[in-house]
Amino acid sequence: MFYNGRKNLCVVMSDPANHYQEQVCKTLTSLAQVRGYNLAYFACFTSYGVDTKNGRGQANIINLIPYEKFDGFIICHDTIANEGAVEQMFQYIKQRAKAPVVTIRRRREDFPCVLSEDCGSIQKIVQHLVDVHGFDRIAFMNGPEGHPDAKTRVHDYKKGLESRGITFEEKMVFYGDFWRRKARQAADYFTMELAKRPQAVVCANDYMAIALCNELINREVMVPEDIVITGFDDIWESTTNMPPLTTVTVQAGKMSELAFDTLVKMMRGEEVPKVQTVHSEPVFRNSCGCENMNFASVAKKRVRQNKENEDIMELMSSNTHMTVEMSEADCAEELVEHTRILQNPDNFVRNFFICLGEGRGDSYPKYHSTGPGYPDRFHSVGSVINRRIVQTEPFDAVDLIPKEAAEREPMVYYFFPLHNLDRTFGYFAINYKGVHSCEKTFHTWLAILGNALENLRLRQKNKVLLAELNNLYVHDALTGLLNRRGFEYSSRDLYERSAKDGQTVVIISIDMDNLKIVNDTFGHAQGDVALQEIARAMEYAAREGDACARTGGDEFTVVGTGYDEETAQAFLDRFQSHMEKFNEESELPYLVRASYGYYIVPPDHAIALDAAIVKSDNCLYENKREKKAENLDSVFRDSAV
């Protein structure tokens with residue numbers, strides 16, 4: 001794996017574009033590059049939900065990890081909302097991995113962990129609001145009820161109230177989603193549904209706090225003049241919020257560095273503490289009225305934020321164009337040309353690979369599955385190395401990237417699932433310059449790529465179905481020969497081409513003898529067996545390019561070009577010999593027999609095709625009469641001569 005002989009470390013997380021995860025990634029990447037380790041991030045996104053088909057497609061990334069191949073694991077499982085996937089991953093680690101594991105920000109009894117000592121931080125916020133600002137009506141906007149972090153933070157809130165002699169009231173807690181979506185309901189609750197508006201709302205994270213600030217200000221409820229809002233996490237936007245947000249800083253960089261050092265020690269066989277903590281601390285800003293707003297500083301940060309927002313808008317526009325362009329792709333290999341990554345000279349992408357599973361068929365995606373897991377072999381249908389499109393060879397899944405991507409220097413890659421809903425096609429591997437990580441809209445970009453693969457799969461499926469329908473349209477389902485419709489198309493085409501080339505055309509008419517007797521005596525299934533045998537005899541006797549058709553219940557016709565009397569008779573001899581051999585070797589209680597006749601159209605084509613078919617049929621009927629007169633048309637085996 002990675003082909004350069006260095007030790008390989010695995011990091012598992014969700015939503016790597018979020019503020020906290022981004023800080024973790026940048027710290028770990030920097031440390032790995034400096035200390036000479038390869039680093040593989042296995043990441044997914046929860047932006048579209050967890051308990052959905054899409055959520056299952058995202059969570060499938062845990063099945064891609066070659067657990068046996070890694071020398072160490074750092075697991076950020078507090079970022080992964082899918083608890084079932086988390087437990088499955090830890091089972092895989094215990095069963096398959098032979099390497100040390102460190103977890104970040106959430107305790108597990110079976111592995112050493114590095115925690116953020118959050119306990120006390122919200123308590124200090126509450127105490128500050130009471131001691132400094134004199135508040136006694138302090139509400140709390142929590143995360144989802146039952147979430148581990150939500151439990152910890154509401155407990156801390158209660159302790160803060162208790163320490164100042166304020167009675168906790170359940171009605172003062174509103175349960176949000178650790179995101180922005182419930183800000184409107186929260187604003188309604190705190191300003192309209194409570195009997196008395198709280199003086200302050202302590203939020204369990206910054207995303208909810210910022211969204212609540214914006215919603216209140218839109219209602220002309222000013223922060224902090226009318227109500228104080230505080231957050232938790234100290235994300236970048238907390239410093240550019242109007243007003244800047246009082247919050248709790250979580251030292252993601254220090255936690256990540258401590259986790260990395262702990263893992264390296266374990267890899268060396270050294271003893272490490274079971275639990276290590278990094279303290280978080282309150283940061284008091286203008287949203288609680290404690291800091292005079294530095295407009296110059298905020299303006300400078302706003303300029304940077306506006307630039308980031310402009311970049312996001314440009315990426316969204318690029319994604320729209322990419323959606324349209326990918327819809328026109330005729331094959332998976334064309335997708336790399338429409339990813340638009342290489343069209344942006346300012347991004348930090350160096351290498352990337354669209355890795356699709358190997359399977360049956362000629363066109364990718366060859367593999368797709370709605371079940372858990374990935375195939376054993378992959379091929380990158382779109383390979384970019386040093387920002388140039390290159391061709392790469394298929395590789396084993398445990399190797400993760402094509403061999404052509406090998407470098408001597410430490411290699412850092414992110415791996416994301418490629419899927420549409422719960423249908424997995426493969427994965428996307430990407431490597432950045434420096435310590436850069438994925439952009440805010442990257443999850444949308446991946447979804448577009450997954451949708452494009454699904455469109456290609458459906459187009460391939462429809463093409464096969466259309467071919468089957470076309471085949472059924474012109475072929476007889478029982479014998480596989482042309483049906484009457486197919487015969488009309490093919491025979492007229494042969495007739496017209498032979499007229500231009502000055503060739504003869506033979507029309508051979510064949511009728512099965514006594515089909516009704518076989519059906520009535522032995523059943524229709526046996527009648528079908530007899531008809532199929534006549535078809536096989538026709539195909540055996542025919543030359544390449546001849547049109548063989550079942551034109552009625554027991555009626556068959558052959559049209560061929562370049563025949564004369566000798567070659568026409570040779571056809572009938574081959575046909576008859578095949579039938580005789582079948583009857584000799586068959587244990588059926590009846591004989592399969594047929595009558596036939598033919599007519600050869602001269603090169604000048606002085607007769608129309610329909611008239612030629614009538615002449616051939618007349619020869620057939622003459623043959624039938626002769627056989628009947630000589631008693632050679634009996635179907636029963638015990639009466640055969």
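Tutor: Let us begin with the main cavity. The largest cavity has 10 lining residues, and those nearest its centre are C44, T46, G55, Q58 and N82. Please bear in mind that this is a predicted model.

Student: How does one find such a space in general?

Tutor: A probe the size of a water molecule is rolled over the atoms, and this shows where empty space is left. In this structure, the count comes to two cavities of 30 Å³ or more.

Student: What volume does the largest cavity have?

Tutor: The volume of the largest cavity is about 50 Å³.

Student: Which helix gives the largest share of the lining of the largest cavity?

Tutor: Helix α2, residues 53-59, gives the largest share, with three residues.

Student: How is the lining of the largest cavity divided by class?

Tutor: The lining of the largest cavity holds five nonpolar and five polar residues, and no charged ones.

Student: Which residues line the second largest cavity?

Tutor: The second largest cavity is lined by C44, A59, I61, I62, I80 and A85. The space inside the second largest cavity is about 30 Å³.

Student: What confidence does the predictor assign to the protein?

Tutor: The mean pLDDT of the protein is 90, and 95% of its residues reach 70 or more. Among the elements, strand β3 (residues 72-75) has the highest mean pLDDT, 98, whereas helix α10 (residues 295-327) has the lowest, 71.

Note on methods
Residues are numbered from 1 along each chain as its sequence is written. This is a predicted model: local features need pLDDT of at least 70, side-chain atom pairs count only at pLDDT 80 or more; totals for chains, interfaces and linings use all residues. Side-chain values use heavy atoms; hydrogens and water are left out. pLDDT is the predictor's confidence in each residue, from 0 to 100. Helices (H or I, at least four residues) and strands (E, at least two) are DSSP runs, numbered from the N terminus. On a 1 Å grid over the protein atoms alone, a cavity is a set of points where a 1.4 Å probe fits but cannot get out, and a pocket is an open set with protein on both sides within 12 Å along at least five of seven lines; lining residues have an atom within 4 Å of a point. Grid points are joined across faces, edges and corners, and a volume is the space filled by probe spheres set on the points. Ala, Val, Leu, Ile, Met, Phe, Trp, Tyr, Cys and Pro count as nonpolar, Asp, Glu, Lys and Arg as charged, and the others, Gly among them, as polar.
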